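Here's a quick tour for anyone meeting this structure for the first time. Have a look at the sequence and the model, then read on.

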Amino acid sequence: MADVALVPWEQNAERAPEGVRAVVYDGEGEPPAEAADAVLYVVPYGRGQRLDVMAGMPRLRAVQLLTAGYEHALAALPDGVALHNGRGLHDASTAEHAVALMLAAQRELPRWALDQTARRWAPHYTRSLAGSRVLIVGHGSIGAAIERRLLPFEIEVVKVARRARPEQGVHPVADLPRLLPGADAVVLVAPHTPETEGLIGARELALLPDDALVVNVGRGPLLDTGALLAEKGRVRAALDVTDPEPLPADHPLWDAPGVLVTPHVAGGSAAFYPRARRFVDAQLRRWAAGEPLANEVRAGG
Ligand SMILES: NC(=O)c1ccc[n+]([C@@H]2O[C@H](COP(=O)([O-])OP(=O)(O)OC[C@H]3O[C@@H](n4cnc5c(N)ncnc54)[C@H](OP(=O)(O)O)[C@@H]3O)[C@@H](O)[C@H]2O)c1
């Protein structure tokens, strides 16, 4: 009998290999009756990720997320079930957005957009990316994709991760106090863990030079919102992720000086979907062949 897998897209069901019966569940409403037999659940991508429905899948052995971050799923994961994340699927999309945020902030695109709305022609020359030094904090899959995109802008990239990788020129996070004073911009793209919460707080912001830019495409809590607001525009920020999220309409971050906000959209652009569908196809083929699935972040029982 074929193994039942719940997949989010029709295309994956159509291309499912022999040995896997792929049933579509896109996260709308309740799962189909076949969920009771599902051994693999590919959680639909979107704001309301349906993790609660795992309670109705007693035969479940593996869960595949389509997000890179997985901390939100750990509590809901039944015992003995393996967890896999979407590492790699968001690299192009998130890196592109990080670069877009940097360009928008340095070349003042929000100002020009407002001027266009007001039909106002008021030129002045802006900052530039060229010649700047940029720290990438969280030099993993997405961080490396950001670096590849930044280098042609004639930028000096300084790489930071949890642990040093001297052969790749990666600094350990403990070097941050030494590196921050020389940075024109800092890009945050580490996961949200107890260690990264408040990674950039009042002390770290104070070490940055005047007018430095903090870009956050990782998770909101990496940057201490109160500490950023207390900078009153001395340090600027371009944030795809915020703390809290969603940002309430009356939150001071919306109109804080030098702050640009996008509503957590970096990873989910059009670039994500073809990559995600190909990845789900490949995971189903691995499952059918009895091979280990890629991107395991928690082993099953
Ligand atoms: N805004 C969006 O739409 C969006 C989209 C996709 C992902 N994300 C976020 O981006 C994060 C990174 O994704 P990824 O696929 O690049 O993950 P990844 O490949 O696992 O890389 C994570 C990097 O963060 C580093 N790191 C972990 N703890 C750290 C710490 N305490 N201090 C400094 N660096 C630390 C790791 O260092 P080591 O190499 O030393 O372990 C690694 O280099 C995700 O967890 C998610 O939260 C956001």
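How many salt bridges does a search of the whole structure find? The search turns up 17 salt bridges, each being a side-chain nitrogen of Lys or Arg within 4 Å of a carboxyl oxygen of Asp or Glu.

## Before you dig in

This is a predicted model, where local features need pLDDT of at least 70, side-chain atom pairs count only at pLDDT 80 or more, and totals for chains, interfaces and linings use all residues. Residues are numbered from 1 along each chain as its sequence is written, and side-chain values use heavy atoms, with hydrogens and water left out.

## Around the ligand

Now for some atom pairs. A backbone N or O atom of Ile142 sits 2.9 Å from a ligand oxygen atom, and for His139 a backbone N or O atom is 3.3 Å from a ligand oxygen atom. Asp240 uses its side chain instead: a polar atom there is 3.0 Å from a nitrogen atom of the ligand. On its own the ligand exposes 940 Å², and the protein buries 89% of that (areas by the Shrake-Rupley method with a 1.4 Å probe).

Side chains of opposite charge can pair when their charged atoms come close. Take Arg127 and Asp211, whose closest N and O atoms are 2.7 Å apart. They link distant parts of the chain, 84 residues apart: Arg127 is in the loop between helix H3 (109–117) and strand E6 (133–137), Asp211 in the loop between helix H6 (202–207) and strand E10 (213–216). Helices (H or I, at least four residues) and strands (E, at least two) are DSSP runs, numbered from the N terminus.

Arg127 is partly exposed at 28% relative accessible area, and Asp211 is partly exposed at 32%. Glu147 and Lys159 also form a salt bridge, at 3.5 Å from N to O. Here Glu147 is buried at 13%, and Lys159 counts as buried at 17%. (Buried means under 20% relative accessible area, exposed over 50%, partly exposed in between, with a 1.4 Å probe and protein chains only.) Finally, shared partners join Glu108, Arg111, Arg127, Asp211 and Arg236 into one salt-bridge network.

Note on methods: A polar contact is a pair of N or O atoms within 3.5 Å; within protein, one must be able to donate a hydrogen and the other to accept it, and residues adjacent in sequence count only if both atoms are side-chain atoms.
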